[in-house]
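I opened a new page for this chain. My notes below follow the order in which I looked things up.

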Amino acid sequence: MTTIERATGQSRKATNVASTTDKIQNSGFSFKRWGRKYPFIRYGLPMISLTVFGAVGLGHLLQGSKDIAKVKDDQEWEIIETRKALSRTGPIDAYKPKNISLEEELKALQEKVDINNYEFKKIPTVNDGKSG
């Protein structure tokens, strides 16, 4: 190769590199101009898409947590069914109320509390910073 061919080969490479950088810069300038010309595409479209995709994503996450909660509730119900034999009226022998009269409750309360033996105590007051 002669020196002229080497020089022209290098100049072709330099021209190709320069043309690609010009194309990239021109596309960047046209994008900026496009954003100035159509502000909805620059600001509105990303905002709306973020809102829509965010709502869809949150809905997906919430549905997953609801599914997990439902599975846990089903498992708990199965455990309750296996531990207690259920009849049509409800769990067998689960609730047996005691017959308690009010007089018996009053006597039990009177045994706990002695109203004849008391002591006077002063109730503390709250000072709110006012002198008076």
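I began with the positive patch, and helix 1 (residues 3-37) gives its largest share, four residues. The model is predicted, so I noted that local features need pLDDT of at least 70, side-chain atom pairs count only at pLDDT 80 or more, and totals for chains, interfaces and linings use all residues. Residues are numbered from 1 along each chain as its sequence is written, and side-chain values use heavy atoms, with hydrogens and water left out.

Which residues form the positive patch on the surface? I listed Lys32, Arg33, Arg36, Lys37 and Arg42. A patch takes residues with over 30% relative accessible area and no salt bridge, like charges being joined within 9 Å. A salt bridge is a Lys or Arg side-chain nitrogen within 4 Å of a carboxyl oxygen of Asp or Glu. Arg42 sits in helix 2. Its relative accessible area is 44%, so Arg42 is partly exposed. Buried means under 20%, exposed over 50%, and partly exposed in between (1.4 Å probe, protein chains only).

Next I looked up the negative charge. Asp73, Asp74, Glu76, Glu78 and Glu81 form a surface patch. I placed Glu78 in helix 2 (residues 39-83). Glu78 is partly exposed, at 49% relative accessible area.

Then I checked the record. An unreviewed UniProt entry lists residues 40-62 as "transmembrane region"; such annotations may be inferred rather than shown by experiment. I found that span 100% helix and 0% strand, with its end C-alpha atoms 31 Å apart.

Last came the whole chain. I counted three helices and zero strands; helices are DSSP runs (H or I) of at least four residues, strands (E) of at least two. Of the 132 residues, 2% count as buried.

Terms used: Patches are made of residues with over 30% relative accessible area and no salt bridge: like charges are joined within 9 Å, nonpolar side chains (Val, Leu, Ile, Met, Phe, Trp, Tyr) within 5 Å. Accessible areas come from the Shrake-Rupley method with a 1.4 Å probe; for residues, only the protein chains shown count as cover. Lys and Arg count as positive and Asp and Glu as negative; His and the chain ends are not counted. The place of a charge is taken as NZ of Lys, CZ of Arg, CG of Asp or CD of Glu.
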